[in-house]
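Please look over the sequence and the model below with the following report beside them. The report moves from local pairings to the chain as a whole.

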Amino acid sequence: MATKPPKGDPVQDAPQVAEPKHAAAGLPAIGHTLRIAQQQMGVKRTALTLLRVNQKDGFDCPGCAWPEPDHRHKAEFCENGAKAVAEEATLRRVTPEFFAAHSVADLATRSGYWLGQQGRLTHPMHLPEGGDHYEPVSWERAFDIIAEEISALGSPDESVFYTSGRTSNEAAFLYQLFARELGTNNLPDCSNMCHESSGSALSETIGIGKGSVLLDDLYKADLIVVAGQNPGTNHPRMLSALEKAKANGARIISINPLPEAGLERFKNPQTPQGMLKGATLTDLFLQIRIGGDQALFRLLNKLVLETEGAVDEEFVREHTHGYEEFAEAARAADWDETLRATGLSRAEIEQALGMVLASERTIVCWAMGLTQHKHAVPTIREVVNFLLLRGNIGRPGAGVCPVRGHSNVQGDRTMGIFERPAPAFLDALEKEFGFAPPREHGFDVVRAIRALRDGEAKVFFAMGGNFVSASPDTDVTEAAMRRARLTVHVSTKLNRSHVVTGARALILPTLGRTERDLQVGPNGKSTEQFVTVEDSMGMVHASRGRLAPASPQLLSEPAIVCRLARRVLGADSKVPWEEFERDYATIRDRIARVIPGFEDFNARVARPGGFTLPHAPRDERRFPTATGKANFTAAPVEYPELPEGRLLLQTLRSHDQYNTTIYGLDDRYRGITNGRRVVLVNPQDARALGVTDGAYVDLVSEWQDGVERRAPGFRVVHYPTARGCAAAYYPETNVLVPLDATADTSNTPASKSVVVRLESGLEGRPEARPEARLEQSATD
């Protein structure tokens, strides 16, 4: 008999499976949105809160970073954005009484889903050394504990300051300022795990590590290529932009190992026509083999070069460098190798070429499907080559469009959350604040885990996020965290990271985006504050919460950083932390003097909708690279090799999920309900491996270090994936991703091309493996 999961924690390894859907949104999205929202917030609070999401006088959605149009719908949110808001604005509370009733050991047996469903944190909590329960602690004592541990370090570089993408511009600027005045550049962030490959490739090739398109460019494009991306789940409001682009005459090529409902048909819930009929989005679906994208774009570039008149010779001559070396490499592209690397047919590639040649304005959008491979950076460089050949950067309706994930993840980097800061940024900090910031590069995420593992780092501080569940190589990451002297998490809700602790641990509860932020001035009066964010396309705008805070004990993120800095740095600090806490406008004044593009910050962000940051390649066709021009590159073509009897696994999200936050146990577009421990396998591959639909298997990853990493008890689902490819949800499969399996240059975990074998048999079934559920609860 199987061991039951803890009370109230649903089974996640026995899902129901139906046929995948072929359209996204529509009435089911509305129904699911309202049901989730009302369960968390109630009817009245749902209406009052959702109508302020992404409005010019409202708050920025705490979910994805997709930009808002200038003219906004009254319901300017998507299903998954509504879920994010509902979980933050929930009426459920996690009080000190909750922690008294649940030991850390008990909480460690719970799934990430169960932890997140308990509600908002209300009080600062401390796990003392040798303790088994978190205990309430005053804010003053919490800051004392952090100061004690930091002062005991041999060097500031023994501390690590992690940031999630939810942090506002103001909080991020203060956070990096504190870390650098303390004396370290150990500022890893969630970009290290997602779009670091994009930033690395774009900085080298066009001189700025951000996308070059605005929302209006999508509406002007002739061709939009969507590669390695699932907008229907990860940033659903992108579907309405694609719908508008299609109405304006654009064609769309989707490149992905999985067919995704959102890119097949979009049923816009904001229009009667959309609800009933919907719009077909994809004109050509290229079901590529995992990791074959560089080979595909290299061959397309060869074919463009061979087509008379296809290259924009004037643009290449005036604005680019390295063309001849690139062209020589591209002309050597081999059809047979490309077909083997991509799994595509010659006819499909020739059809794509025809669409490329017919387009005068082309945009390429991408996400994790391109960025999380060993050869991710060369792949994105090849995408840039593809666009440069036909002059598609710095032209309306054309350009590079890396679609960022978490709200303000791009803003965090702009504000200086980076372990390898530019000298010019550090010079500006030194001039403005009068201290010498450290110049030695710090730890990114992977290096931070190694440092914790090896005892080189002893204090870990996280501003938001769920570091343990977001990071690769779960067993290694958890063991590393447990070696720390102190772990601190600034959070709104419970997650797995709170129960994988150092010798001591703190949970510091903070305001959410939905909540009113009042700060007390020197006259004793409270003044309402707002924060700002930067979206995926470089638009900066204000965010103002309106709900009463979940608890009077909550502090805002800027206030937490300011009080921490005052306690740790003391009277010798050259930064006016008290002033910054009272009035966020004073923070923005300093940002304006330090970071180019933010001049007159307070006045510009006061305008409804905010302002656009400058982007030299887009605005002027000026490329601030080492050569002063856009750089063609010529890397060797790479793609994953697949040993016989193995599959290439990509980790991905379900539809009831945002990053590591699990809203529910369904993935309705893929036909999966009531469970998460599934592996999607092409039926032909499954038959060749002797694995039937519904069988239970262990996923075992194989890498060059010879260590076998295992994720037990997954139900096989026959699914129309690309041949040789499989897919399963993270964080459950993060255990399979080796810590040292990373992208060249960017050091991003290679989570999209993990070589696995399936070990099947009776032992894989949950009823024969009661420990499987407990292992899942412990690693979710």
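In this predicted model, strand E5 (residues 125-127) and strand E6 run antiparallel to one another and are joined over two bridges, where helices (H or I, at least four residues) and strands (E, at least two) are DSSP runs numbered from the N terminus, and where two strands pair if DSSP finds at least two bridges between them. Met 125 has Pro 136 in E6 as its bridge partner. Both strands belong to an open sheet of six strands with mixed pairing, whose order is E6-E5-E18-E17-E16-E7. Its edges are formed by E6 (135-136) and E7 (159-163), each of which pairs on one side only.

Residues are numbered from 1 along each chain as its sequence is written. Since the model is predicted, local features need pLDDT of at least 70 and side-chain atom pairs count only at pLDDT 80 or more, while totals for chains, interfaces and linings use all residues, and side-chain values use heavy atoms, with hydrogens and water left out.

Helix H8 (residues 169-182) lies across E7 and strand E16 (459-463), and H8 runs at about 170° to E7; axes here are lines fitted to C-alpha atoms, for helices over the stretch in contact, and angles run from 0 to 180 degrees between N-to-C directions. Contact means heavy atoms within 4.5 Å.

Leaving aside residues up to four places away in sequence, Val 561 touches Ala 171, Leu 174, Tyr 175, Phe 178, Met 463 and Trp 577. Val 561 counts as buried because its relative accessibility is 1%, the classes being buried under 20% relative accessible area, exposed over 50% and partly exposed in between (1.4 Å probe, protein chains only). The C-alpha atoms of Val 561 and Ala 108 are 28 Å apart, and the two residues are separated by 453 residues along the chain.

A further antiparallel pair consists of E21 (residues 531-534) and E22 (residues 539-543), joined over four bridges, with Val 533 opposite His 541 in E22. Val 531 and Val 533 point one way from E21, whereas Thr 532 and Glu 534 point the other way, and all of these residues are buried. The hairpin of E21 and E22 has four residues between its strands, and Gly 538 in this hairpin takes a positive phi near 80°.

Which residues of helix H17 (residues 323-331) are buried? They are Tyr 323, Phe 326, Ala 327 and Ala 330. Viewed down the axis of H17, these buried residues fall within an arc of 100° (the arc of the directions from the helix axis to the C-beta atoms), so they line one face of the helix. In general, an α-helix has 3.6 residues a turn, so residues three or four places apart point the same way. The buried residues of H17 pack against helix H15 (293-305), helix H16 (313-319), strand E13 (320-321) and helix H21 (376-389), whereas Glu 324, Glu 325 and Glu 328 are exposed on the face turned away from the buried side.

The structure holds 59 salt bridges, a salt bridge being a side-chain nitrogen of Lys or Arg within 4 Å of a carboxyl oxygen of Asp or Glu. Three of them are listed here.

| Residue pair | N to O distance |
|---|---|
| Arg 141 and Glu 148 | 2.7 Å |
| Asp 312 and Arg 395 | 3.1 Å |
| Arg 593 and Glu 432 | 2.9 Å |

Arg 141 is partly exposed at 33% relative accessibility, and Glu 148 is partly exposed with a relative accessible area of 33%. The salt bridge between Asp 312 and Arg 395 links distant parts of the chain, 83 residues apart, with Asp 312 in the loop between H15 and H16 and Arg 395 in the loop between H21 and strand E15 (399-402). Arg 395 is partly exposed, with a relative accessible area of 23%. The salt bridge between Arg 593 and Glu 432 likewise links distant parts of the chain, 161 residues apart, with Arg 593 in helix H29 (residues 584-594) and Glu 432 in helix H23 (residues 423-433). Arg 593 is exposed, with a relative accessible area of 51%. A network of salt bridges links Arg 646, Asp 698, Glu 702, Glu 708, Arg 710, Arg 757 and Glu 759.

Taken as a whole, the protein chain has 33 helices and 33 strands, and buried residues make up 65% of its 780 residues.
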